[in-house]
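Visitor: Hi! Could you walk me through this structure?
Guide: Happy to, here it is.

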Amino acid sequence: MRAKVSVRARREAGFVIITITDDGPGIPEEHLKEVLLRGGRLDRSGGGAGLGLAIVGDVADVWGGRFNIRTKADGLEAEFAVPFS
């Protein structure tokens, strides 16, 4: 992020959808799948094991939901959706 992070939650078509956006440079399209894998990291200069996004994806799968990230013109967007009844 450069200066702004936004978190929104909504109910839609039987799901609770949490969307997180930032105003940073995003992730190059060719690396989006890589960062969702266990150990997938683009920045190796700091700490971390590259597990966070993979765990979020696993939780979404176990709960019958989905987790997606995408780069948009104005930053990165992550969307976590799980069923809600």
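Visitor: How do the residues lining the largest pocket divide into nonpolar, polar and charged?
Guide: They split into 11 nonpolar, 1 polar and 1 charged. Ala, Val, Leu, Ile, Met, Phe, Trp, Tyr, Cys and Pro count as nonpolar, Asp, Glu, Lys and Arg as charged, and the others, Gly among them, as polar. Before we go on: this is a predicted model, where local features need pLDDT of at least 70, side-chain atom pairs count only at pLDDT 80 or more, and totals for chains, interfaces and linings use all residues. Residues are numbered from 1 along each chain as its sequence is written, and side-chain values use heavy atoms, with hydrogens and water left out.

Visitor: OK, new topic. Which residues make up the largest nonpolar core?
Guide: There are 10: Ile27, Leu32, Val35, Ala60, Phe67, Ile69, Leu76, Ala78, Phe80 and Val82. A nonpolar core is a set of buried Ala, Val, Leu, Ile, Met, Phe, Trp, Tyr and Cys residues joined through side-chain atoms within 4.5 Å.

Visitor: And which element gives the most to this core?
Guide: That is β4, with 4 residues.

Visitor: What does Val82 touch?
Guide: Leaving out residues up to four places away in sequence, Val82 touches Gly14, Phe15, Val16, Ala60, Trp63 and Gly65. Contact means heavy atoms within 4.5 Å.

Visitor: How many aromatic pairs does the structure hold?
Guide: It holds 1. Rings of Phe, Tyr and Trp (its six-membered ring) pair if their centres lie within 6.5 Å; planes under 30 degrees apart count as stacked, over 60 as edge-to-face and the rest as tilted.

Visitor: Where do the two partners sit in the chain?
Guide: Trp63 is in the loop between α2 and β3, while Phe80 is in strand β4, 17 residues apart.

Visitor: Is Trp63 buried or exposed?
Guide: Trp63 counts as exposed because its relative accessibility is 53%, whereas Phe80 is buried at 15%. Buried means under 20% relative accessible area, exposed over 50%, partly exposed in between (1.4 Å probe, protein chains only).

Visitor: Last one: which residues does Asn68 touch?
Guide: Asn68, in strand β3, touches Glu77, Ala78 and Glu79, not counting residues up to four places away in sequence.

Definitions and conventions
Helix = DSSP H or I, 4+ residues; strand = E, 2+ residues; numbered from the N terminus.
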